Amino acid sequence: MDIYLLLYLLFVVGPLSTILHEAGHVFAARTVNADYKLLSIGIGKKIYGKSFHTFQLSIHRLFFLGGFSASYRKRTFNSREKIWISLMGPFASALLAFVFYFLHLIYPNNYFLLFSLFNCWLAIVNLLPLNIGGKQSDGYKIVQILRKRK
């Protein structure tokens, strides 16, 4: 792999894809009137934080190592709202994969293809019901909600 492509994956594709994936969750939380929404990128010491009314953005030193979002509301979210919020992250990733794949078809280059493939991977992995080290995938959360409804 070209070193530039690897650096692009690590410092551009990964963080940007994570931000947009988590923004999908935040968008869904906003549509169901969440009182508070948080989008956090990376791990380690916080290097940037900004609050905008009911939304808080937090960026950490190792910004290329994952992220998460959270939303809260005084009135508890119902099952349908929880599923909606959980699905919108993978949906955002799938949409990005689709868009960048077609950009790659129009303007063939490895950068568009890598962006598409990473987001495709991000969407699929997040829909799998995984619980690893206490971290639960979106798919795991959806399965847990559906099990409780029966």
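These legends describe close-up views of a predicted model.

**View 1. The largest pocket and its lining.** The largest pocket holds about 1,300 Å³ of space. Its lining counts 42 residues. N126, Q136, S137, D138 and K141 lie nearest the centre. By class, the lining splits into 20 nonpolar, 16 polar and six charged residues. Several elements each supply at least two lining residues, among them α1 (3-31), α2 (79-106), α3 (110-127) and α4 (138-149).

**View 2. G14 in helix α1.** G14 has 8% relative accessibility, under the 20% limit, so G14 counts as buried. Beyond its neighbours within four places in sequence, G14 is in contact with L9 and F118. G66 is 52 residues away from G14 along the chain, yet their C-alpha atoms are separated by 7.9 Å.

**View 3. The aromatic pair F100 and F112.** The whole structure contains eleven aromatic pairs. F100 is buried at 16% relative accessibility, whereas F112 is partly exposed at 21%.

**View 4. The aromatic pair F118 and W121.** The ring centres lie 5.5 Å apart with planes at 40°, so this pair is tilted. F118 and W121 are three residues apart in helix α3, and therefore about one helical turn separates them. F118 is buried at 18% relative accessibility, but W121 is partly exposed at 47%.

**View 5. An aromatic cluster.** Ring pairs join F11, F63 and F64.

Conventions:
Residues numbered from 1 in each chain as written. Predicted model: local features only at pLDDT ≥ 70, side-chain atom pairs only at ≥ 80, totals over all residues. Heavy atoms only, no water. 1 Å grid on protein atoms, 1.4 Å probe; cavity = no way out; pocket = protein on both sides within 12 Å on 5 of 7 lines; lining within 4 Å. Points joined across faces, edges and corners; volume = space filled by probe spheres on them. Helix = DSSP H or I, 4+ residues; strand = E, 2+ residues; numbered from the N terminus. Nonpolar A, V, L, I, M, F, W, Y, C, P; charged D, E, K, R; others polar. Buried < 20%, exposed > 50% of the residue type's maximum accessible area, 1.4 Å probe, protein only. Contact = heavy atoms within 4.5 Å. Phe/Tyr/Trp six-rings, centres within 6.5 Å; stacked < 30°, edge-to-face > 60°.
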